[in-house]
Amino acid sequence: MARLNEDNVRLAREIIGRYPKPRSATIPLLHLAQEQDGYVTNEAMAHIGELVGATSAEVYGTASFYEMFKFEPVGKYLINICGTMSCALMGAEELMHHAEERLGIHMGGTTPDGMFTLERAECQAACTEAPCLQVNYRYRFRVTPQNFDDLVNQLSSGQLTEEIPQHGTLTVTRQHIPADRGVGAVDPELVTEGPAWLDGKAAL
Amino acid sequence: MTTIDNSADVAEMPEPDPNAVSITINGKTVAARKGELIIAAADRVDEYIPRFCYHPRMSSVGMCRQCLVEVEGPRGPMMVVSCMTPVADGQVVRTDTPQVKRAHEGIIELLLANHPLDCPVCDKGGECPLQDQAFSHGAGESRFVEEKRHYEKPIPISDLVFLDRERCILCDRCTRFADEVAGDPLISFTQRGNNTQVMTFPDEPFASYFSGNTVQICPVGALTAQPYRFKARPWDLEQRESTCTTCSVGCRTVVQSSRDELLRYQGVDSDPVNWGWLCDRGRFNFQSVNSEDRLEHPLVKSGDSFAQTSWSEAMESIARTLRHASPGSVAILGGARGTNEDAFMWAQLADAVGITMRDAQLDDGLPTDIFSYPQATIDSACAGGTIILLAPDLKEELPVLHIRLRDAAEKKRIRIIEVSATESGLTKNAWRSVRAESGTTSAVVQSLLADAQVAAQLSSGPVVVVAGRGNLAESASHTMSAVDAVVSAVPSATVLPVLRRGNVRGALSVGLAPRSGADAAAILEASANGRVECLILLGADPLSDVPDADLARRGIAGAKCVVALDTFLTPSAAHADIVLPVAAYGEKDGTTMNLEGRVTNVVQKITARGTSRADWMIAAELADSLGHDLAVTTLADVQKKMASTVPGFGATTTSVAIKRDGVVVSVSSPVRTPLSVASAAPRNSYEFRVAMGRKLYDKAVGTATSPALSNLASGARVTIHPLDLERVGAAVGSNVRVSNAHSSVVLPVFSSESVPRGTAIVPFNQPGADIRELVRHGESVIDVRIESVS
């Protein structure tokens, strides 16, 4: 657990190949690292720097801008409960208190078994479905304390493994763009045609 | 009434410059050029616009918003950021309206909201742009009554630089500098919004050779340099403008002192040279001048130790030796670490007495023939065309020249073709970077010249050869022959000689160049053979600097009498019979010459240590006691004499010479001696060929005696390719024996993919076992065996 493993290095090189400049691949590679280890390790950031031709400090500077990259281990399931206006009015505070009691941790904490991390989140753009939360960025709407307990039970017993992969996995099925569809390492200024996947349609 | 016919004038009127634009700033008409920024145009006409992030030597980012001005637009005046807005013809700019003033006050208030008001204990207080501009452009009061943001007070981000995040105003100057100028983006903005902070990667310090510049350009007290922290208040500092003589780039500096002690050097923007930047070695080695270990009195050897003596006795003793020795048996080595005046007076003394054996280099540079080619300047090299690098790693040896060339390459003005034994700091910026193992430099250059693509590139514009001793384990003739090959192929090519020591070119130019081929190596050989009665070392330390350690040892031991003029008791001075303490940098006035031949002044800021004197005074007095009146009593006399004696130095008598940018002196070309390149013997595959280069931080006296720098040296080591390491069967960091027929040394081994197979990279003059034991002057290359010792 540290640097990208062999499979991921192969994938990383493929991803880098899709961009005119290697360092454009920094963020996709950070996701890859987070998928591998559940969070972004220092070793992975250094490795990404080597792969895209940036210093570790530059990778860290980019990564730390984004809330969704974690630099400390988090639980297998990261539960973000929205605390912004609509959800607050519809009982988010009570839901948070309940969640803290149910899991025995404070907001921001992780359960000792490494299963759950609780976080308070800003608006998740589901105000009509308040109060809402996300588990590894998958929505749950109009959540009551009872719903929350059910959710935790289902996650604990593995019933939702199909639907909600562990923290760090963005999509269950990885998109693969055939190599011949990539632009390759050319100067962005020199690209005059739309990308191949537009099938000849104008870019804009 | 007279009729005026303008038609003739009209016909002769030159085409209007398409890039010229005229704008108005606060009612003043300002001639500007397309692409120029409003803030730069305003600076030229002394209309000051407050700013924090804008720096004329870096790209604009518009981070701080302090430089807001009003520009007339179609819908009336609008606020624009003057460091991001280019001038346009007819533009009307106002920097003094109530709206602008309100904006300036607002930004200051915003910046101060989280800024601790710890000015009384802040090193920047008194020279702080935030403090100054809060007074000149702020409202004087803040509405912010809440708790300010808190961070751990200063944290070290490198061995030399401390960061206080509470004081930081996020102007992006240090991070921009690290990325754009130094090319070491080891600091970056991290986090976001209110939590944004400048930070290194965890456990990876901001170990840039240029880190001190970030402290100088920080517009607040967020970055402070360890050697200066809490040492003085700016208003207690006195300063004089001078030139750094740590290496031969000749960066312009101010030397600052308080209570007769040097406390800080700051970079000064000299357009043709350093653009305001300094390397950390040049910036922080003022500590060496203040060192406790400085020599203060003349010393005379008695038995195995030294006894303090008086100047008159020491001088009389030297004079007696010189009187009894035949001039042909006296030799002078060194002079490259002093001023032109020092070197000139010693050359005058040598001429008067008839001493012919002299050399300002220590067999670690190039023959003076390098000056016989048409010469380039830093500016001409950076202006465009192709650079052929046949030089040491400039980042390690001439760091600010590295910055200049890197800038020109980054901006795609020049293309760099590098020929070197291993990768250098400029390899990433090179158009072509070719590995040449020791002994093949010339052949590699020949084959490059035959390459059609390279030939096309070379014929596309000016060609400058940056030539220095890239590899101390390869005879200088290989570099010279490579330079010759380029100049033969491209007759219009010019040469920028990059010899290392501060005033090496000056010393060689004013009379300390070897006569009839008797260079330092020949002199030491003669001395080893008992043919030197008196060896005079002018700030020279052959035991540390001559690549062939054995030759240096035999040379020093063979001289009947060794006289050393130095600031410290160096290893060579320790073997001297008489040691004279001399004034260090900052303790004497004079001039120096940089690698381009540019003459600028160096100044005295503090009293010379103990009884030490300038070298030139010693030469004058010695000549006098030997019965030769050199007719000088003051520095001005020396300079006058130098100007009339040394061709080209006439220009330095004018006041121009002591101005910031100096004058480039063209010294008449010496006759070039025909080259004989020693061919390297073939080697068997179990051997490694050594490449030896210098690192910025080594055992050099100015570095080793500066506490802030002395522990930054990497230490002696050998670096080979990972596959070679496997073959040797040693683990990274373990000891290996490096041996050849002459000697063997045990060094820790490291591996790097940047080292070609079969090459062993060993840094020069590092603490630890000395690879120079394996070097012999007469041998063109050094082949060694490497075995694991376990």
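**Figure 1. Helix H17 of chain B and its cover.** In this predicted model, the cover over the buried residues of H17(B) includes strand S16 (330–334), helix H10 (340–353), strand S17 (357–359), strand S26 (590–593) and helix H22 (635–645) of chain B. Helix H17 itself spans residues 504–512 of chain B. It is mostly covered, with 9 of its 9 residues buried. Start at Val504(B), Arg505(B) and Gly506(B), which are among the buried residues. Continue through Ala507(B), Leu508(B) and Ser509(B), also buried. Val510(B), Gly511(B) and Leu512(B) are buried too.

**Figure 2. The open sheet of 7 strands in chain B.** The strand order is S15-S14-S25-S24-S23-S16-S17 in chain B. The pairing is mixed. Strand S15 (305–308) and S17 of chain B stand at the edges. Each has a single partner strand, so one side of each is left without a neighbour in the sheet. From one strand to the next, the twist averages 20°. Two strands that cover H17(B) in Figure 1, S16 and S17 of chain B, belong to this sheet.

**Figure 3. A parallel pair within the sheet, and a helix packed on the sheet.** Strand S23 covers residues 534–538 of chain B, and strand S24 covers residues 561–566 of chain B. The two run parallel and are joined by 5 bridges. Look for Leu538(B): opposite it in S24(B) stands Leu565(B). Helix H18 (residues 520–528) of chain B packs on the sheet. H18 touches S16, S17 and S23 of chain B. The direction of H18 makes about 135° with that of S16(B).

**Figure 4. The open sheet of 3 strands in chain B.** Here the order is S11-S12-S13 in chain B, and the pairing is antiparallel. Strand S11 (238–243) and strand S13 (261–267) of chain B are the edge strands. Each of these pairs on one side only. The twist averages 30° from one strand to the next. Now follow one pair. S11(B) and strand S12 (residues 252–258) of chain B run antiparallel, joined by 6 bridges. Arg240(B) has Val255(B) in S12(B) as its bridge partner.

**Figure 5. Where chain B touches chain A.** The contact takes 12 residues from chain B and 9 residues from chain A. On the side of chain B that touches chain A, strand S8 (residues 187–190) of chain B gives the most, with 4 residues. That side of chain B has 6 nonpolar, 4 polar and 2 charged residues.

**Figure 6. Chain A and its two domains.** Domain 1 of chain A covers 1–67, and domain 2 covers 77–156. The C-alpha centres of the two domains lie 30 Å apart. Chain A has 7 helices and 4 strands. From the N terminus on, its elements run α-α-α-α-β-α-α-β-β-β-α. The C-alpha trace of chain A spans about 55 × 40 × 30 Å along its principal axes. Of the 204 residues in chain A, 31% are buried. Take the contacts in chain A between residues at least 6 apart in sequence: 60% of them join residues at least 24 apart.

Methods:
Residues are numbered from 1 along each chain as its sequence is written. Chains are lettered from A and ligands numbered from 1 in the order in which they are written. This is a predicted model: local features need pLDDT of at least 70, side-chain atom pairs count only at pLDDT 80 or more; totals for chains, interfaces and linings use all residues. Two strands pair if DSSP finds at least two bridges between them. Axes are lines fitted to C-alpha atoms, for helices over the stretch in contact, and angles run from 0 to 180 degrees between N-to-C directions. A residue is buried if 20 or more other C-beta atoms lie within 10 Å of its own, exposed if 12 or fewer, and partly exposed in between; C-beta atoms are placed from the backbone. Two residues are in contact if their C-beta atoms, placed from the backbone, lie within 7 Å. Ala, Val, Leu, Ile, Met, Phe, Trp, Tyr, Cys and Pro count as nonpolar, Asp, Glu, Lys and Arg as charged, and the others, Gly among them, as polar. Domain bounds come from an automatic or database domain assignment.
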